[in-house]
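The sequence and the structure are shown here before the description begins.

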Amino acid sequence: MAQSIEKLRIGPKAARLSVALGFLFALTPSASRAGESGGQPGAFTQFGVGARALGMGGAFYAIADDATAAYWNPAGLAYLQRKEATFMSAKLFAGTDYGYLAYAHPTATKGTFALGVTTLKSGGFEKVDAVFNPTTGEPVSITQNGTFSDQQRALGFSWGREATETMSFGLSMKKIDRQLDSSSDSTYALDIGTMKNFGTVYRLALGMQNVFSQTTGDTDDKFPVAVKVGNGLRLFKDKLLLGFDLSKVQSADLNWRFGGEYWATNWCAFRFGMLAAPQIQESDFGFGFRFQRIQLDLGFGIHELGTSMRTSMGFRFGRSRDD
């Protein structure tokens, strides 16, 4: 894949135009998912976070029972019992780093508040200066002019609370910043989500992402609205979790995710999943290890670009909310 940026000088006035040819569309786990959200503004906010959830194919919208609920579905924050911190690190392709950090703070009467940060960075893109003949349009000279990087960050403040004994509601306000060489822009967006429990076995989740968005800076792009439906099953006294999610991003195909988690023992779990948009784009699997209030998760994604690994660690601390 060509990683370069051209600065064109045309005519005596030497007008300069920067063109990024190495866009991250082919550098991320969802790069080949053009039918899902790849290539759209803020596409990296749709990739998913947490090695646990990604090991389940990202079918986590109706499960969302840890601090990553701040990202997946803020309504899930309502069911957290203890303070929780989690982080994820993933090494992707062509020197691309993907990370997530979150902290969730339950309260006795006002719901659970959470703060999360998602980052994506890729560097080493070559930058060149090209001088063109204004008559023929042929390049006269091409010289190297260093390198540049693409950096994106999403900062989210989330809140979730139980509305009734069987239903919860959540909101997430996001600020997404992008820096591509000397170009930058920022977007504010709002997500909403709900969950409904039907007994102790089945949970239904509904929500929308980017319900409201406003962008400033060097772009006229608008974040697409995404509608999500999640289904979660808890079987065998919560030893087996199954998730099935449907998502429709504006101007993209309907995509689905399916996955599961099985706790073979109290301290070890196996996970599996897949993502399709609508054909299968990625297969996933992973492992979880729990030691009292510390959990280590490993997730692996297999797709046409190769295999990527995600590592997460979570910490639960403090007294139970019910206490």
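Lysine 175 has tyrosine 188 in S8 as its bridge partner, and this pair belongs to an antiparallel pairing in which 14 bridges join S7 to S8. Strands count as paired if DSSP finds at least two bridges between them, while the elements themselves are DSSP runs numbered from the N terminus, with helices (H or I) of at least four residues and strands (E) of at least two. The model is a predicted one, in which local features need pLDDT of at least 70 and side-chain atom pairs count only at pLDDT 80 or more, whereas totals for chains, interfaces and linings use all residues. Residues are numbered from 1 along each chain as its sequence is written, and side-chain values use heavy atoms, with hydrogens and water left out.

S7 and S8 form a hairpin that leaves two residues between the strands, and aspartate 181 in the turn has a positive phi of about 55°. S8, which covers residues 183-198, is also joined to S9, by 13 bridges in the antiparallel sense. Within this second pairing, alanine 189 has serine 213 in S9 as its bridge partner, and lysine 196 stands opposite leucine 204 in S9. The hairpin of S8 and S9 has three residues between the strands, and there glycine 199 takes a positive phi near 75°. S9 in turn pairs with S10, again antiparallel, over eight bridges, with methionine 208 opposite valine 227 in S10.

Two aspartates of S8 can be followed in more detail. Aspartate 191, placed in strand S8, is buried, with a relative accessible area of 5%; here buried means under 20%, exposed over 50% and partly exposed in between, with a 1.4 Å probe and protein chains only. Its side chain makes a polar contact of 3.2 Å with the side chain of lysine 174, and a polar atom of that aspartate 191 side chain lies 2.8 Å from the backbone nitrogen of asparagine 210. A polar contact is a pair of N or O atoms within 3.5 Å, of which, within protein, one must be able to donate a hydrogen and the other to accept it, and residues adjacent in sequence count only if both atoms are side-chain atoms. If neighbours within four places in sequence are set aside, the residues in contact with aspartate 191 include Gly170, Leu171, Met208 and Gln209, where contact means heavy atoms within 4.5 Å.

Aspartate 185 also lies in strand S8 and is buried, at a relative accessible area of 9%. A polar contact of 2.5 Å links its side chain to that of arginine 178. Not counting residues up to four places away in sequence, aspartate 185 touches Ile176, Asp177, Arg178, Thr216, Gly217, Asp218 and Thr219. The C-alpha atoms of aspartate 185 and glutamine 152 are 9.8 Å apart, although 33 residues separate the two along the chain.

Seven cavities of 30 Å³ or more are found in the whole structure. The 14 residues that line the largest cavity include Ala70, Tyr71, Thr118, Ala154 and Lys174, which lie nearest its centre. S6 gives the most to this lining, with four residues.

The largest pocket is lined by 43 residues, and Arg52, Asp65, Arg234, Leu241 and Arg316 are the closest to its centre. S16 supplies the largest share of that lining, four residues.

The table sets out volumes (the space filled by probe spheres set on grid points, which are joined across faces, edges and corners) and lining classes (Ala, Val, Leu, Ile, Met, Phe, Trp, Tyr, Cys and Pro nonpolar; Asp, Glu, Lys and Arg charged; the others, Gly among them, polar).

| Space | Volume | Lining by class |
|---|---|---|
| Largest cavity | about 170 Å³ | five nonpolar, seven polar, two charged residues |
| Largest pocket | about 940 Å³ | 12 nonpolar, 14 polar, 17 charged residues |

Notes
1 Å grid on protein atoms, 1.4 Å probe; cavity = no way out; pocket = protein on both sides within 12 Å on 5 of 7 lines; lining within 4 Å.
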